[in-house]
Amino acid sequence: MTEPISVLFVCLGNICRSPLAAAVFRQVATEEGVESRFRIDSAGTSGYHNGEPPDSRTTATAARRGVEVTGTSRQITGTDVEEFDYLVAMDADNLRAVERLVERVGVGDDGPAVHLFREFDPEAAGDLEVPDPYYGGPRGFDDVHDLVERSAHGLLEHLRERHDL
């Protein structure tokens, strides 16, 4: 058996977007019968919410769509940079923070592939950010779920092509 492909989804606080992305991607991989080929996790670029569960609005929105969002918030670490194959950021600020961490860890060409999640959204039309719904109303959580779902399907297709899944 080959090593699982490891994917870490990253947002600011690891309570809204990245745990949702991890849960949706896990569900998409399960539906496609390739979940055993992946190790999936999420983290935040900040430690603001370390140890807290996902935001209740995120979990409620996901539950209405048949997705279970679990886990506790944690901050991305240098070990993550060394261990994960893909670091998938939700927005440009998180992407820059991840890239700085990758540079500090100094993994060079052996480091993870770093992407914005919406690079894999066929409807992105140049808008590559998953907006933070934390301070928005309920509709923001539904909108984010839509973006995440499309991006998860696109990411799986990308990984299928790159890893012969």
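This is a predicted model: local features need pLDDT of at least 70, side-chain atom pairs count only at pLDDT 80 or more; totals for chains, interfaces and linings use all residues.
Helix α1 covers residues 17-31 and helix α5 covers residues 138-163, while helix α2 covers residues 56-64.

**Helix α1 against helix α5**

- Two packed helices are described by the angle between their axes and the distance between the axes.
- For helix α1 and helix α5, the axes come within 9 Å and cross at roughly 50 degrees, and the two helices are therefore oblique to each other.
- The crossing in which α1 passes α5 is right-handed.
- On the α1 side, the contact is made by Arg17, Leu20, Ala21, Val24, Phe25, Val28 and Ala29, and on the α5 side it is made by Val144, His145, Val148, Glu149, Ala152, His153, Leu155, Leu156 and Leu159.

**Helix α2 against helix α5**

- The axes of helix α2 and helix α5 come within 10 Å and cross at roughly 60 degrees, so that α2 and α5 are oblique to each other.
- The handedness of the crossing between α2 and α5 is right-handed.
- Helix α2 contributes Arg57, Thr58, Thr61, Ala62 and Arg64 to the contact, and helix α5 contributes Phe141, Asp142 and His145.
- The residues of the contact of α2 with α5 are made up of two nonpolar, three polar and three charged ones.
- His145 of α5 is named in the contact with α2, and His145 is likewise named among the α5 residues in the contact with α1.

**Ser18 and Asn14**

- The side chains of Ser18 and Asn14 are joined by a polar contact of 2.8 Å.
- The side chain of Ser18 also reaches the backbone oxygen of Ala43, at 3.3 Å.
- When residues up to four places away in sequence are not counted, Ser18 touches Phe9, Val10, Cys11, Ser42, Ala43 and Met90.
- The backbone of Asn14 has a phi near 60 degrees, which is a positive value in a residue other than glycine.

**Asp91 and its partner Arg17**

- A polar contact of 2.9 Å joins the side chain of Asp91 to that of Arg17.
- Leaving aside neighbours within four places in sequence, Asp91 is in contact with Arg17, Leu116, Glu129 and Val130.
- Arg17, the partner of Asp91 in this polar contact, is also one of the α1 residues that take part in the contact with α5.

**Exposed residues**

- Not counting residues up to four places away in sequence, Glu123 touches Arg118 and Arg150.
- Glu123 and Ser151 are 28 residues apart in sequence, and their C-alpha atoms are 8.9 Å apart in space.
- Arg104 is found in helix α4, and at 64% relative accessibility Arg104 counts as exposed.
- Along the chain, Arg104 and Val81 are 23 residues apart, and their C-alpha atoms are separated by 9.9 Å.
- Asp164 is found in the segment after α5, and with a relative accessible area of 68% Asp164 is exposed.
- Phi of Asp164 is near 50 degrees, again a positive value in a residue other than glycine.

How values were computed. Residues are numbered from 1 along each chain as its sequence is written. Side-chain values use heavy atoms; hydrogens and water are left out. A polar contact is a pair of N or O atoms within 3.5 Å; within protein, one must be able to donate a hydrogen and the other to accept it, and residues adjacent in sequence count only if both atoms are side-chain atoms. Contact means heavy atoms within 4.5 Å. Axes are lines fitted to C-alpha atoms, for helices over the stretch in contact, and angles run from 0 to 180 degrees between N-to-C directions. Helices (H or I, at least four residues) and strands (E, at least two) are DSSP runs, numbered from the N terminus. Angles under 35 degrees count as roughly parallel, over 145 as roughly antiparallel, 65 to 115 as roughly perpendicular and the rest as oblique. A crossing is left-handed if the near helix is turned anticlockwise from the far one by less than a right angle, and right-handed if clockwise. Ala, Val, Leu, Ile, Met, Phe, Trp, Tyr, Cys and Pro count as nonpolar, Asp, Glu, Lys and Arg as charged, and the others, Gly among them, as polar. Buried means under 20% relative accessible area, exposed over 50%, partly exposed in between (1.4 Å probe, protein chains only).
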